[in-house]
Amino acid sequence: MKSARCLLQLQCLTLVGQSTRSAAQYGALLRAASSGRAPPPSSPPHQVFRHFHSGPARPKEQPIPAEFVNGDDKKRDRSLVAHDDLFERVAREVKTKATFNKVVDVFIKNDVRRRGHVEFIYAALKKMPEFGVERDLVVYNRLLDVFPKEVFVPRNFIQRMFNHYPRQQECGVQLLEQMENYGIMPNMETKVLLVQIFGEKGHPMRKFQRIMYWFPKFKHVNPFPVPKHLPEDPVDLARFSLTRIANDRDAKVTVHQLPCTDVTESGEQITLPHVVGIQSPSQVELLAKHNPNRPLFVEGPFPLWLRSKCVYYYVLRADPTPPEEKVEEPFDPERCLDYPLQLDLDLDRDLGDEESFDVEDLDEGPVFAMCMTGLGEQAVLNQWISGLQEDNPILGQVPTLFRLDAGPRELQGATDTESFHHHGPEPEYQKEERQPQQEPEVTLEEEPRTSQRMKR
């Protein structure tokens, strides 16, 4: 009964706005609802029905094709692979500056809108060392020219504050950072390109300003600069490296052996490495005063980095002199005119001054000579010691011990090692050294697994 009354009231509310409905009909409907009888049928022309609108039936969900799953990631990976393939296809035979510029021209002419320019620039920065243009300023300006002009420039302070086009600005900063890592200073063309691409207030422009501020300050701060192009000849490179380590103009560089290929009596070839040594007159004098009862040591190899190239050197040294054998010699006042070697100052002490100083002295022992060689083995270093005996006769009386590590042997190519050992018969002393020591067989019981432990 209650539900019928509610339905009738809802139907009446829908008919209030109809001007054709009279007050009598409305009262009859209410009286019929209160008495519980069915309402009188209304005339068909004046009855208005509400239609329920329903959408079309939804089909069952179909599986999404695999090509639309993670479409953005796949497109990004495909773009990077496509750009790498572009470098490989264009520069298939020779990788030079001309072929690198040709790849850039192909990308620029391929699409006027420069779609995918960020991925292309990242791929080009990664490929630059392979083409040998990582230190070419003109090539970096060509890569900046790939960016569309006046598209990423912020128009108001809100865009500048919220990092307008962050992906493109990050790519521009990455390009300038690679220039900074290789020590390349931008020029005015770089500035004009950055202003056209990102505006005067963008992050790449601020990076450019920092580079232009700091690079001139640190350009000549190193008193021992390393040349950009190192010598290709191993003998010249060893001579340059030893002179740099010794830092003594009176030091004498001696080439004990040049790299050569010799033919043995049996007709086999053997490749001999180079041996270059250095020794100063003060080291010769110091070695002449060495006690013959105390041994000398050949130690190494020690690494020396020259830009992106690593070379190794060996030293001839002795243990620190015992305190009872030390003889204090008076300082020569004219030995060094730049600064005094000894100060005798009679200054008054205050109550808060300390008369004793806690200074930790570490005596590493004297170094008598240094050398560089193409193969750091005892047989090769023996030739260096034999060459030093011409200027240092005391080496024939002092025992020499070798403390060699396996540093450069692991980094050296297998071809060089095989050429030195397998082109000819090895000497007997090398064969004795290379005989592997027979180690006792040790039987190790297999440790039980966790599951076996739990079962036990």
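Student: Is cysteine 171 buried or exposed?
Tutor: In this predicted model, cysteine 171 counts as buried, because its relative accessibility is 0%.

Student: And cysteine 260, buried or partly exposed?
Tutor: Cysteine 260 comes out at 36% relative accessibility, so it counts as partly exposed.

Student: Switching to helices. How many residues of H6 are buried?
Tutor: Six of its eight residues are buried, so H6 is largely enclosed by the rest of the structure. The buried ones are Leu137, Val139, Tyr140, Asn141, Leu143 and Leu144.

Student: What covers the buried residues of H6?
Tutor: The cover includes helix H4 (97–110), helix H5 (117–131), H8 and helix H9 (188–198).

Student: Take H8. At what angle do the axes of H6 and H8 cross?
Tutor: Helix H6 (residues 137–144) and helix H8 (residues 166–181) cross at roughly 175°, and their axes come within 11 Å. The two helices are therefore roughly antiparallel to each other.

Student: Which residues make that contact between H6 and H8?
Tutor: H6 contributes Leu137, Tyr140, Leu143 and Leu144, while H8 contributes Leu175, Gln178 and Met179. By class, that gives six nonpolar residues, one polar and no charged ones.

Student: What about H4 and H6, at what angle do they pack?
Tutor: The angle is about 10°, with the axes 11 Å apart. H4 and H6 are therefore roughly parallel to each other.

Student: Which residues of H4 and H6 meet?
Tutor: On the H4 side they are Lys97, Phe100, Asn101, Val104 and Asp105; on the H6 side, Val138, Val139, Arg142 and Leu143. The contact of H4 with H6 divides into five nonpolar, one polar and three charged residues.

Student: Sheets now. In what order do the six strands of the open sheet come?
Tutor: The order is E1-E4-E7-E6-E5-E8, and the pairing is mixed. Strand E1 (252–257) and strand E8 (400–404) stand at the edges with a single partner strand each, so one side of each has no neighbour in the sheet. On average, neighbouring strands are turned by 30° against each other, direction ignored.

Student: In which sense do E5 and E6 pair?
Tutor: Strand E5 (residues 296–306) and strand E6 (residues 309–318) pair in the antiparallel sense, over nine bridges. Within that pair, proline 303 stands opposite tyrosine 312 in E6.

Student: Which strands does H13 lie across?
Tutor: Helix H13 (residues 378–388) lies across E1, strand E4 (275–279), E5, E6, strand E7 (367–373) and E8. H13 runs at about 130° to E7.

Student: Where is serine 241?
Tutor: Serine 241 is in helix H11 (residues 234–246). At 0% relative accessibility, serine 241 counts as buried. Leaving aside neighbours within four places in sequence, serine 241 is in contact with Leu304, Leu306, Val311 and Met372.

Student: Last topic, E2 and E3. How many bridges join them?
Tutor: Four bridges join strand E2 (residues 260–263) to E3, and the two run antiparallel. Threonine 261 has threonine 271 in E3 as its bridge partner.

Student: Which residue in that hairpin takes a positive phi?
Tutor: Glycine 267 does, with phi near 95°; the hairpin has five residues between the strands.

Student: Which residues of E3 are on the covered face?
Tutor: In strand E3 (residues 269–272) those are Ile270 and Leu272, while Gln269 and Thr271 are on the uncovered face. In a regular strand the side chains alternate between the two faces of the sheet.

Technical notes: Residues numbered from 1 in each chain as written. Predicted model: local features only at pLDDT ≥ 70, side-chain atom pairs only at ≥ 80, totals over all residues. Heavy atoms only, no water. Buried < 20%, exposed > 50% of the residue type's maximum accessible area, 1.4 Å probe, protein only. Pairing = 2+ DSSP bridges. Axes fitted to C-alpha atoms, helices over the stretch in contact; angles between N-to-C directions. Contact = heavy atoms within 4.5 Å. Parallel < 35°, antiparallel > 145°, perpendicular 65-115°, else oblique. Nonpolar A, V, L, I, M, F, W, Y, C, P; charged D, E, K, R; others polar.
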